[in-house]
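Please read them with the structure open.

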Amino acid sequence: MRTVFTMQKENIPLISVIVPVYNVKDYLNKCIESLVNQIYTNLEILLIDDGSTDGSDIICDQWEMKDERIRVFHTLNKGVSHARNYGLCQAKGKYIGFVDADDWIEPDMYIKMVTALNETEAEICIGEYTNDVKNKKIINFDKGQARIFTRDEVIVRTYTWFPSTQKRLISWELCDKLFLHAVLENVKLNEDIYMGEDMVFYWDALKNSNKIVYLPLFKYHYKLRENSAVHSGITEKSLTGFYAKQIIYNEACHESKEIYLAVKKMYIIDGVYYMRKMLSYDSNKFKNVIINYQCFLRKNIYEAIKIRKTSIRVKLGMVFLCFPFPVCQILHKLVVK
């Protein structure tokens, strides 16, 4: 029998929670349980089955029979971005949340976030998340105080980070946030980018926003899995993360000087990382990308070297990439060997 919930008052807005599902049968029940057990009950839970082959699709259907708030959609396997975009097309809520099917959230997460949005009239609520690793909770962010930010302040704090410490002030991931549906109008995930697609989506959402409320709740629990896409090593898909940074950098040229400089630093540092990966994976295939980045880096090398909190390894990488492309190819092969 399906469970019927009656929290349908006009002054209690509906939240649409979009959950892409692909071959996560060992984690899916815990994820869905954490959603249906939310204190804030006026939810629609959109389970987008992305062509699962391990029985996850059956689990989705079973839950749809149990709870009338759950809607299941079965699609061909086209990736997480397509699944999220599909969910956005189906969502009816005033607010939009994203949850990954192998993660889980604490019971009071959404009620705290909705309350903050209603009280502040902000368009986005940032709740932050924890990494769950072998029963340990790891936080990769500097905990701040609850407050309201302008969109420019959030952009600078989000896109200012340094790989040497892996510390960011505010996350760009989607799952620890609640969005006013209106700011996501005409905002879609780029289905040609397989790593960092959430970063570009969040960038676009911020451009449509004015006020963001920050709540350091850390009630979203991100499950780190060794076989996940993020931890599967260098692949052609993983290298598309560079294009995410490139899109944001190109658009930041039209923003304030503070935003531009913050994004430029990220583009410089991450670019060094990705160029190394491209040289290792297939330097000839990515020749034009590498050469174009090298031209950019040479023009900005003095500024790049002066960036604070970057490791010696990153600075050496900057100098290394200033050599002509054929020299970089040869030296990289020698270093790898």
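1. What is the order of the strands in the open sheet of 4 strands? The order is β5-β14-β7-β8, and the pairing is mixed. Strands here are DSSP runs of E of at least two residues, helices are runs of H or I of at least four, and both are numbered from the N terminus. Two strands count as paired if DSSP finds at least two bridges between them.

2. This is a predicted model, in which local features need pLDDT of at least 70 and side-chain atom pairs count only at pLDDT 80 or more, while totals for chains, interfaces and linings use all residues. Residues are numbered from 1 along each chain as its sequence is written, and side-chain values use heavy atoms, with hydrogens and water left out.

3. β5 (104–105) and β8 (136–138) are the edge strands; each has a single partner strand, so one side of each lacks a neighbour in the sheet. Strand β7 (residues 129–133) runs antiparallel to β8 and is joined to β8 by 3 bridges. Asn-131 has Ile-138 in β8 as its bridge partner.

4. Thr-120 lies in helix α4 (residues 109–120). Thr-120 is buried, at 18% relative accessibility; buried means under 20% relative accessible area, exposed over 50%, and partly exposed in between (1.4 Å probe, protein chains only). Cys-253 is partly exposed at 43%, as is Cys-322 at 23%.
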